[in-house]
Amino acid sequence: MRLITVCGPTATGKTSVLLHAIGALQRRGRRAGVIKMDCLATGDDQVYAEHGIPVQVGLSGGLCPDHYFSVNIDECCAWAEEQNLDFLLCESAGL
């Protein structure tokens with residue numbers, strides 16, 4: 001499994017880029033899923049789910065989402081392996 005992380009401010013197109021990238025991977029017969037990291041709330045998981053993409057959400061609260069991900073990376077990778085993913089994409093609204 002390969003891990004790809006995409007970080008950036010809110011409303012910069014991270015979800016749109018990942019949807020296109022996952023579509024390209026799927027056309028090549030690859031399975032991809034997303035871990036969405038945010039501070040307090042997100043609706044992006046619904047967007048991924050509507051496209052049939054396996055997705056999990058991590059809400060970091062007062063921590064930087066990127067740091068929260070690094071602390072929980074083992075659980076994220078375990079989930080990806082359970083899903084039999086070729087690619088795990090982490091989308092983070094990092095601070």
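Trainee: Which residue of strand 4 stands opposite Cys7?

Mentor: Ser92 is the one opposite Cys7. Strands here, like helices, are DSSP runs numbered from the N terminus (E, at least two residues, for strands; H or I, at least four, for helices). Keep in mind that this is a predicted model, where local features need pLDDT of at least 70, side-chain atom pairs count only at pLDDT 80 or more, and totals for chains, interfaces and linings use all residues. Residues are numbered from 1 along each chain as its sequence is written, and side-chain values use heavy atoms, with hydrogens and water left out.

Trainee: How many bridges join strand 1 to strand 4?

Mentor: There are 6, and the two strands run parallel. Two strands count as paired if DSSP finds at least two bridges between them.

Trainee: And what is the strand order in the sheet?

Mentor: The order is 1-4-2-3, in an open sheet of 4 strands with parallel pairing. On average, neighbouring strands are turned by 20° against each other, direction ignored. Axes are lines fitted to C-alpha atoms, for helices over the stretch in contact, and angles run from 0 to 180 degrees between N-to-C directions.

Trainee: What does strand 2 pair with?

Mentor: Strand 2 (residues 32-38) pairs with strand 3 over 5 bridges and with strand 4 over 6 bridges, in the parallel sense in both cases. On the strand 3 side, Lys36 is the bridge partner of Val57. On the strand 4 side, Met37 has Ser92 as its bridge partner.

Trainee: Strand 4, then: which of its residues are on which face?

Mentor: Phe87, Leu89 and Glu91 are on one side, with Leu88, Cys90 and Ser92 on the other, and all are buried. Buried means under 20% relative accessible area, exposed over 50%, and partly exposed in between (1.4 Å probe, protein chains only). With 6 of its 6 residues buried, strand 4 is largely enclosed by the rest of the structure. In a regular strand the side chains alternate between the two faces of the sheet.

Trainee: What lies across strand 4?

Mentor: Helix 1 (residues 14-27) does, and it also lies across strand 1 and strand 2. Helix 1 runs at about 170° to strand 4.

Trainee: Back to Cys7. How many disulfides are there?

Mentor: There are 0 (a disulfide is a pair of cysteine sulfur atoms within 2.5 Å). For Cys7, the nearest cysteine sulfur is that of Cys90, 6.3 Å away. Cys7 counts as partly exposed, at 42% relative accessibility. The sulfur of Cys77 is 6.8 Å from the closest cysteine sulfur, in Cys76, which is too far for a bond.

Trainee: Those two are in helix 4. Which residues of helix 4 are buried?

Mentor: In helix 4 (residues 73-82), Cys76, Cys77, Trp79 and Ala80 are buried. Down the helix axis they fall within an arc of 155°, so they line one face of helix 4. That arc is taken from the directions from the helix axis to the C-beta atoms. On the other side, Asp74, Glu81 and Glu82 are exposed.

Trainee: What does the buried side pack against?

Mentor: The buried residues of helix 4 pack against strand 2, strand 3, helix 3 (65-71) and strand 4. Contact here means heavy atoms within 4.5 Å.

Trainee: Where is Asn84, and what is its phi?

Mentor: Asn84 is in the loop between helix 4 and strand 4, with a positive phi of about 60° although it is not a glycine. Asn84 is exposed, at 57% relative accessibility. Ala11 also has a positive phi of about 60° without being a glycine, and it lies in the loop between strand 1 and helix 1. Ala11 is exposed at 78%.

Trainee: Last one. Which element has the lowest mean pLDDT?

Mentor: Helix 3 has the lowest (86) and helix 1 the highest (97). pLDDT is the predictor's confidence in each residue, from 0 to 100. The protein averages 92, and 98% of the residues score at least 70.
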